[in-house]
Structure formats: structure tokens, C-alpha cells
Amino acid sequence: MTAPDILTTEALSVTFGGVRALAGVSLAVREREILSIIGPNGAGKTTLFNAVTGTCPPTSGRVRLHGRDITAKTPDEVARLGVARSFQNLKPFAEMTLLENVLIGREIHMTSGMAAAILRLPLFREDEARQKRRARELLAFVGLEQRRDHLARNLTYGERKMLEIARALALEPSVLLLDEPVAGMNPTETGFVMELVKNIREQGITVVIIEHDMKMVMGISDRIYVLDHGELIAEGLPHEVRANRAVIEAYLGGGHAPAH
Amino acid sequence: MFLQHLLNGITIGGSYALIALGYTLVYGVLKLINFAHGEIYMIGAYLGFILISLLPAMPPFLQGSLPLFLLVVFGIAAMICSLYGFYLEKICYRPLRGAPKLTPLISALGASIFLQNFVMISMGAKDRIFPQTIGMRAISLGGVSFTPLQLTIIFSSIALMALLYWFINRTRLGTAIRATSTDPFMAALVGINVDTVISVTFMAGSFLAACAGVMIGLYYGSINFTLGYLGGIKAFTAAVLGGIGNVPGAMVGGFLLGIIEALGAGYFSSEYKDVYAFFILIAVLVFRPAGLLGKRSDERA
Amino acid sequence: MNARNLRHDLFFYLGILLICVPFLKIHTLYVLPVFLGAWGLRRFADFAGENRLMVTLRERTVNSVLAHRRVTVGLILAVALLIPLGASDYLIEVFTSVILYAILATALNITVGLTGVLVLGFIGFYAVGAYTTGILTAKFALCGFWIALPLSGLAAMLCGILLGIPALRLRGDYLAVVTLGFGEIIRIFLTNLNGLTGGPNGILGIKRPSFGLFTLDHPRDFYWFALAVLSLVILIVARLVDSRYGRAWIAIRENEMAAGALGINVFRKHLLSFSLSAFFGGIAGSLFAVKQGFISPDSFTFYESVLILCMVVLGGIGNVAGSVTGALLLIAAPEFLREFSLYRMLVFGAVMIAFMVFRPSGLLGSRVIAQEIKDRADDGP
């Protein structure tokens, strides 16, 4: 029995000045699965995330969340509807502390208004305390609790990636899009992220990952989609994809070979 | 009357276009608005004033030939202003490359304030009156009256634009400027010295602005240290009107703005003459930020 | 000393020399002390930056100021309250100006410092506030000051919203120019709408406010009133900064795209900060109108906008205490150096460049530096 679809795209296309970065991609993400999207560099993976989250509005096609059309939504609306993402090139708020970084993700769950903030009403204090508690939980979840009062710009590369995940989780999303979460990490760190992703799924969150690290992709994915030149060329379980002729050709043609 | 306003508009528009080219060129390579550009233009006007006042002290062969003398005045003013442009970039922009966008904006503003007050202190706050040297006798032709000076201004601004066009399209440095505008990263990869290109761009822009300054000084006959503020904004409007970063756009925008202003002052109200530019600026930025000739893509945040 | 340092030094002294050149004509004697002072300051800064004792001392100071914020604020407030008791009326007027500019700088800091949006026509909001009060209380005598004060703030805020809705969608440098245009348009309208604004002559006879039987006629009383308004504005801004609003603003300044991806409506937050800063600008304008008693378009030039921006830059972009310090330095200092008034703007221009190049965080630094010191203390043995 398969779970119902949570996020679907229908013939999604993105064109940049004549270049088709995404050419009619239709895919379906099922509830509570870990789905990986792989493909050679320039295959359109990040563009797919950008199109889904409204960062780069699609030229044509539809995006649906729980069956509801979210194609024309702006990034912040998409985030508030429950789709969180991390970025391939990191974007932490460098001059803010880790706790504040995560609190930005809590913003949409805050209930106190401006007057409450100015008058320091109990409403405001309780809200702040509640959100800070949750933010610290999330930092603890990714292993950064100790450093919560440090500035984000003093973190190592790997720590920044963890911070991005904590920040995205702060939205309490139903779908989490991770763009190359383990790129540039050592095997220990990669192992940690794999456990983390499994834990996130255990909490009922659907995870979509773009990744080049085949150990990670093959190790945790329930299903895999393969993109090449902006088109879907394969879909299936990890072992099916690994044996797929089109996938092997795409990677060999692009100068890559899937590890393993 | 219409033709008369049109001609006056074209005269002023030519110098707007020359200044606007400086904004557009710098914007092309740095993706920044050079707030101090208007002051360079003002300094050009003052240099023109100083040099023309020196006419009686010039060697006889220059005193004898007015065109040659003017050429020398334009040349020297433009050279000195190029140096100002060079130092402006070196002091206010280069150390801040890669800094948050707010920082160079503020330092450029500081430079603008500094230069303006520098001129005010050294040259005085009062208007300076240009010595009447050339072409003030009006010629009338078919109901339109104009001075030889006006014709000189129109023709020299067109000649300078042609010179710039040749420079950026036909020379090695010009090609490097275009390459840097398109993609600074790639330009650096293929061996273009981006620092040099940026310096040259500032110098070229300042060169044209200085010429515009001398022309405006001659045309209006009096200059003031606040000239650069309004002139700068108007030229910036012209650059935006034509699409910032777009060289032919700046030229068209300059003439267009000059004509709009002349017609507006002639047919509506001359008290609000200086407001037209602001309204056009805001309207263009809000409704068509890419300008009339620009592409409608990356200009919005 | 390596080549880069040498070059920096060269630039530094060249800059100082450039500033001194116009002085040479009149005050040759002053140039040497200025030079020696600059040299001494730099040597001291180098020493303070490297010497272990000095570094610890500095960190201690920053830490204790941070730890005893209430005490520091209390002390400063006490001094501010006591100033008029010992000062001449003229001095009190000067310090009242400082307070008005401090309100303006604090307000401008919300957009420039927190959300990272450069506003060049800020004086336009000040003008709208001042004229609203002038028109309502004096020109047409429709209402008293206490009603006009909030209305002035709201009028400026309305202008802020009307300008912000189209302008805040633009890139940063375009936005700066559009706001500059706004300031100019306001000034030109004030000069030409004779029936409403009195044209170039402005509005005369604006009365000082009164509390029942009390009138704030005496400069000292008005000073205290202005100080109360400033304190209130700072309190509001500081509390907003230390809440979800301030965090969102800073996040937008740091990275607009990431803020959007985290569900923050970037445009609305921009508009909020913009209209808030316009509101406080309008309030300051209203105070200015009643302080002066008359207003004319001459008080609202582009130079004033630059002056306020310079305060923000000098004190520290995004630092509320810095705005007040900036106002104090830029308004009070020239009053005591009257003979240099001609060079005021020249020096301000140079200061803006120098601060951007050498110390973008301003005199007091941003909170980042304080946090950095704390970080190091945490990591230390």
C-alpha cells in the first residue's frame, strides 16, 4: 500500500532566456517518504526546488501541495504552507546568533503583536519563551545547542549546514527540501546527517533530498528520481535506479559515475 | 515656438546624455550607482571657468584661434576630471568591493558632499559668471533663433558620443569594458584586469562629464557649486530613462529628458521645471525599472 | 610593517592633509595639532588593538557595559536630565537640537541600520511632520499641539507608506535615489503651494505646547519634554529590535532570500520599518515646528538628510545608542567650534568615507563586535 501524494508537480518547466532548465517535469512526493533527486550537474535539480518554492516562478506547469495549487505563490507563502528548504550555497544570517537564526524560522508561529512587544506584555514574554524553548530543542536536535549564543558566521561549514536544517525545521514543515545536505562533509558527518534525516522522517515530515553522495542516496532513500537536461529520465527504488541503463548513460555522458 | 523649445531641449539634453553615460558605464562594470558623478561634472564646469578666465594670459596663437582654444579648455578640464574619477574610485569604491551594498553607497555620498564643499570653500559659494567669449550673437532662421555656441555644444556632444561609441566598440580596452559588464567573473578568467577596466571606466565617464560641465557653463553663463547635485540627478534620470547599463539608452534618455524639460518649462510652468525630472525618475523606476531601451529582467530586486 | 599597512597609512594621512588644505589659508596654526592628533589617535588605536592589557580592558568595559545596561542607561539619563540646570538658555537650545536630531537618527536607523535600506530623502518626513503641525496649529488653527503631534506622525507615516509601496520593490540604490527625489519634491511643493504652506516665507507664530496651566515656554521645560519623547522613541525602538520584528529586519538585511524562504514576508517587513521610521521622523518634525516657532522650506534641504545619515554612520549602523552619540557629536561639536562651521560639511563627507573604509561599524560598533568578544570569552580557556 502506498502513501498518498503530498507534493506533486505537473509538467513543470522553467526557461531562462531560451534555455530550458526544466522541461516538463511531473513527479509526485508521497507522504512520510525520503525521496532523493539525483542527476549530473546542471540537470535542473536546484531549479526544480526553486520552481516548487516560488524562488524562481515556473514558466509553465503546476505545483500542488495536498492537492492545492501553489504554483503562483511567493517563497514566503510556500514556506508558511509547510514547505521548508535549505540552500545549496549556504545562507545563514551571519551576524545573528544561532538561536536567533532558528528563531527567524519560528517567526510564522509567533502570536504576539507589535503592541505586546513594545509594552512587554506577558503575552509577548510567554510567546518569546515558548519559541526560544522550541528553537533550543531544534538546535539540540542537530547538535548545536552548546553554541546557541555564537554568531553564525563563526561556524564551520558543516555546522552551518546543520544550522540551516534546524532553521528549516523551525517552520514545522510538512515537507523538507534539502539541497545537497552532505556536500563537502566527511564520512562521519555524512553518517550523522543520514541519521538526522531518518529521525526527521520519524517525526512525520516528508524529506526530499538533492544529493551527489551516492552512499547517502542509496542508504536512506525510499525512492529516487533521476533528472538529466531538465527532464525526468528514471524513477524507482534505489536498486532499480542503480541498474537503469538511461541513468548510467546520463552519468557517464556527464562524466560522472554513481559510486558503488 | 515648438521648434525653438525643441532646439533648446536638444542643447541641454546633449550634456545630460554625456553625464548619463558616466552613470551607465560605471553601473555596467560595478552594478553600482556612482553618487559622486554629478560632482565631477560640477568640477568640470569650474575647471572650464578657470581655464576660460585665463584666456588673456594664454599664448597668442591660442588667443587668435577660438576653436583651438576651446579644444584646449575641453581637453585640460577632461584630463583633470579623469584624474578625479580615478581617485574617486580608488578611495571610495575599491576598498569596499565585496562589502555590503550599503557601504559603497554611503562612501560615495560622502565623496559627493566632500567635493561639493571642497569647491564651495575654494571657489566661493556665490555664482561664478563665465567670461563672454564666444558666440552669443543669436542667428534667426525660420522663426527659430540660436547662437553659434548652441550649435557648437550640440555638435561637440554628438562628436563625444561618437568618440565613446568608437572607444567601447572598436578598442581593446572598450571590449574589455563590455566583457566586464557582461560577466566580471568570466572577464577575469580570460585574463582581463578588472581593476584596470574599472579605473578606465571611471576615467571615461569623468572625461565626458567634464566636457558636459564646460558646455553647460558656457551655455548658462554662470555656475554654482550646487550644480552637480541637480545636474547629477537629472543625468541619472536620463540614464534610468534609457535603461541603466545601456549605452545608447543613456544617449537617447539624455536628449529625451532635455526635450521634455524644455517643452514642460515652455508650455506649462517653469517653477516646477526641476520637478519634472524627479517625477519622470520615480515613474520610470516604479513602472518600468529597466528603462525604455532596457531588457525587463534582472533590474528588480 | 608590511606594504598594505604602509599604503593604508599613506591614504590616511593624505586624507587628513586634504581636509586640512582649506584650513591652511586661515588657520595654519591648527593644522599641526590636527595632524599630531590624528597620528596619536592612530598609534593609540594600534596599541589598543594589539596590547593584551588594552584588549582585555576593552573587552571588560564592553562586557560590564552590556551586563549593567540599566545602570549605564540610568546614568546617561540622569546627566541628560541635569544638563539644563547648569546651562545657559543658548546651550539648552543647542542640546534640544541634539535631541531632535537624535530622534531623527534613531528613526532613520530603523531603515538604514536594521533593514539595510538607504533612505536619502529622510528630511521629507521631518518636513511633512513640521508642516502638519504648523498648518494645523498656526496657519488654520484647527487644533492644539497635543492633537497635532500624533497627526504629524501619522501624516509622515502615510507619506512613507505611499512612497514605500512602489519604492520598496526596487533595488537598494534605486530606492535611495527615489527617496532622494521624494525629499526634493516635498521641498519644491512646500515652496510653491503658497496657500497651504506659506511658500518660501513658511509659517510663522507656531505656539509652544502647554500642559493645562503649564506652558513649555521656557527652553528648559521644552528640553525636558523633548528628552521624554526621545526616551520614549528609543524605548520603543529598542524593544522592537529585541523582538520578532527586529530579528526579522536584521534577517532581511543579512539575506533577503533566506528570510523569504523562512516564511518572512520581506516586502511587508520593509514597509513596516519604513513607515515606522517615517512616523518618528514626523514626530520629530512636529517638535521642531513648536521649538522654532516658525518653519520654512530652507530647514528641509538635502543637506539635512545627509547630516542625519552621517549621524547614523558615525554612531554605528544599526546601533540605537550610536545614533544618539552621532547626533551629539555632529550637532553639539560644531556649536563649540563655530569658526570651523564653513568646513562642517566638508569634514562630514570625509568622515563618511573614512568610516565606511576603515570602520564600517561606527564609533560604538555594532552589537556584532560585542557578541564577538563574548564568543571569544566563551571559547577561551
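**Chain contacts and helix packing around chain C**

In this predicted model, 29 residues of chain A are in contact with 26 residues of chain C; contact means that C-beta atoms, placed from the backbone, lie within 7 Å. Three helices of chain A, α2 (75-80), α3 (98-106) and α4 (114-119), each supply at least two residues of the side that touches chain C. Helices (H or I, at least four residues) and strands (E, at least two) are DSSP runs numbered from the N terminus. This side of chain A divides into 15 nonpolar, five polar and nine charged residues. Ala, Val, Leu, Ile, Met, Phe, Trp, Tyr, Cys and Pro count as nonpolar, Asp, Glu, Lys and Arg as charged, and the others, Gly among them, as polar.

Local features need pLDDT of at least 70 and side-chain atom pairs pLDDT 80 or more, while totals for chains, interfaces and linings use all residues. Residues are numbered from 1 along each chain as its sequence is written, and chains are lettered from A and ligands numbered from 1 in the order in which they are written.

Chain B also touches chain C. Here 37 residues of chain B meet 33 residues of chain C. On the chain B side, α4 (66-93), α5 (102-123), α10 (227-242) and α12 (273-287) each supply at least two residues. α5(B) gives the most, with 14 residues. The chain B side comprises 28 nonpolar, five polar and four charged residues.

Chain C itself holds 17 helices and two strands. Of its 381 residues, 47% are buried, with 20 or more other C-beta atoms within 10 Å of their own C-beta atom. Among contacts in chain C between residues at least 6 apart in sequence, 76% join residues at least 24 apart.

Within chain C, the axes of α5 (residues 89-115) and α10 (residues 219-241) come within 9 Å and cross at roughly 15 degrees. Axes are lines fitted to C-alpha atoms over the stretch in contact, with angles from 0 to 180 degrees between N-to-C directions. α5(C) and α10(C) are therefore roughly parallel, a label for angles under 35 degrees. The residues of their contact divide into 19 nonpolar, two polar and three charged.

The largest nonpolar core has 293 residues. Such a core is a set of buried Ala, Val, Leu, Ile, Met, Phe, Trp, Tyr and Cys residues joined through C-beta atoms within 7 Å. Ala166(A), Cys211(B) and Ile103(C) have the most contacts inside this core. Its largest share, 16 residues, comes from helix α9 (residues 194-220) of chain B.

Methods: Contact = placed C-beta atoms within 7 Å. Parallel < 35°, antiparallel > 145°, perpendicular 65-115°, else oblique. Buried ≥ 20, exposed ≤ 12 C-beta atoms within 10 Å, placed from the backbone.
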